[in-house]
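Colleague: Could you walk me through how the helices pack in this one? I'm new to this, so please spell out the terms.

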Amino acid sequence: MSVRRSVIAGTGGYLPERVVTNEELARRVDTSDEWIVARTGIRQRHVAAKDELTSDLALHAAEAALVAAGRRAGEIDGILLATTTPDLTFPASATRVQAELGMTRGFAFDLQAVCSGFIFALAQADALIRSGMSERLLVIGAETFSRILDWEDRTTCVLFGDGAGAVVLEAGEGAGTPADRGVLSARLHSDGRQAELLKTDGGPSSTGTVGKVRMLGREVFRHAVTNLATVMEETLADVGVSTDEIDWVIPHQANRRILDGTARKLGIDPGRVIVTVDRHANTSAASVPLALDVAVRDGRVAPGNLLLLEAMGGGFTWGACLVRM
Ligand code: UT7
């Protein structure tokens, strides 16, 4: 039986030039490199320049993904940009990326599911392609979280960074088996009852401001490991594969301890988990596509590999995608 699949044809990533080390933060707030490394695994993060917008980061990542896929912008049917830090309240930052790429057809919109944004966007793009509505899409995660941090709050400002990652997703053919290339399963969840644990304290409709990130970290941590392990198991069950068959886990990079805890819970060898949190920190919706791009470019992720992508963020939102490259 021939089935329509959506296949990752190329990946791209972009990190702003400026690197902020833990030592630099320790000069601003009451923290230390030792505390940050021990509790999170983070050693540094990239921070966007003043005049560098989320759409600029997204554009760089999108251009790199197009080159990797061997495609021109004119061959793209649409752009899905996952972000919580858009350039403006409207129009969607995706439309600026569309214009900058020189695209004069197709559609572009932003999607907001905080740190899970890329997983949600990939699942949407997969559905658009499998339904026959689109042939080839750019799926981007891009953030300038540095703009919504309270730089005096040590419980949050040490955790996040800026960046962007992108993939070109295009229609392909499969046999309807786990050996197919493409997105094999996507599972999404949210639980609005947990909104208070991770949120901004402002927004267009409530305060008329963007607000700053507020998080009860210990509570979020507790939910993260359980929710992520469960949703990862759901995607494996959908496809009928075991954890032994996964070549790489590409997790949302919030905290090294969450990555290790989740891998342990599922019995996955930590050596098969792609880790970038030490260099990128938590780049929210950008973290999964950035980690994927790093691992593709350094040769760890190879064609035919089975990947498990997962993320969890504010809302709460969480999800996972099982993808064969
Ligand atoms: O991406 C979206 C999802 N987000 C996450 O997944 C984040 C999940 N949460 C976490 O990663 C962790 O909870 C944190 C890294 C945020 C915090 O680690 P923790 O081990 O849960 O620490 P804690 O919040 O329980 O705080 C322990 C202590 C506290 O002091 P007391 O009350 O024990 O005296 C904090 O005030 O560490 C203190 N602390 C700090 N100390 C030095 C909190 N932040 C800092 C800091 N430097 N930056």
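Modeller: The crossing of H7 and H8 is right-handed, meaning that the near helix is turned clockwise from the far one by less than a right angle. This is a predicted model, in which local features need pLDDT of at least 70 and side-chain atom pairs count only at pLDDT 80 or more, while totals for chains, interfaces and linings use all residues. Residues are numbered from 1 along each chain as its sequence is written, and side-chain values use heavy atoms, with hydrogens and water left out.

Colleague: At what angle do H7 and H8 pack?

Modeller: Helix H7 (residues 217-239) and helix H8 (residues 256-266) pack at about 45°, and their axes are 9 Å apart. H7 and H8 are therefore oblique to each other, a word for angles that are not under 35 degrees (roughly parallel), over 145 (roughly antiparallel) or 65 to 115 (roughly perpendicular).

Colleague: Which residues of H7 and H8 make the contact?

Modeller: Among them are Phe221, Leu228 and Met232 of H7, together with Ile258 and Leu266 of H8, where contact means heavy atoms within 4.5 Å.

Colleague: New topic: how many residues has the largest nonpolar core?

Modeller: That core has 48 residues, and Met232 and Ile268 are those with the most contacts inside it. Such a core is a set of buried (under 20% relative accessible area, 1.4 Å probe, protein chains only) Ala, Val, Leu, Ile, Met, Phe, Trp, Tyr and Cys residues joined through side-chain atoms within 4.5 Å.

Colleague: And which element gives the largest share of this core?

Modeller: H7 does, with nine residues.

How values were computed: Axes are lines fitted to C-alpha atoms, for helices over the stretch in contact, and angles run from 0 to 180 degrees between N-to-C directions. Helices (H or I, at least four residues) and strands (E, at least two) are DSSP runs, numbered from the N terminus. Buried means under 20% relative accessible area, exposed over 50%, partly exposed in between (1.4 Å probe, protein chains only).
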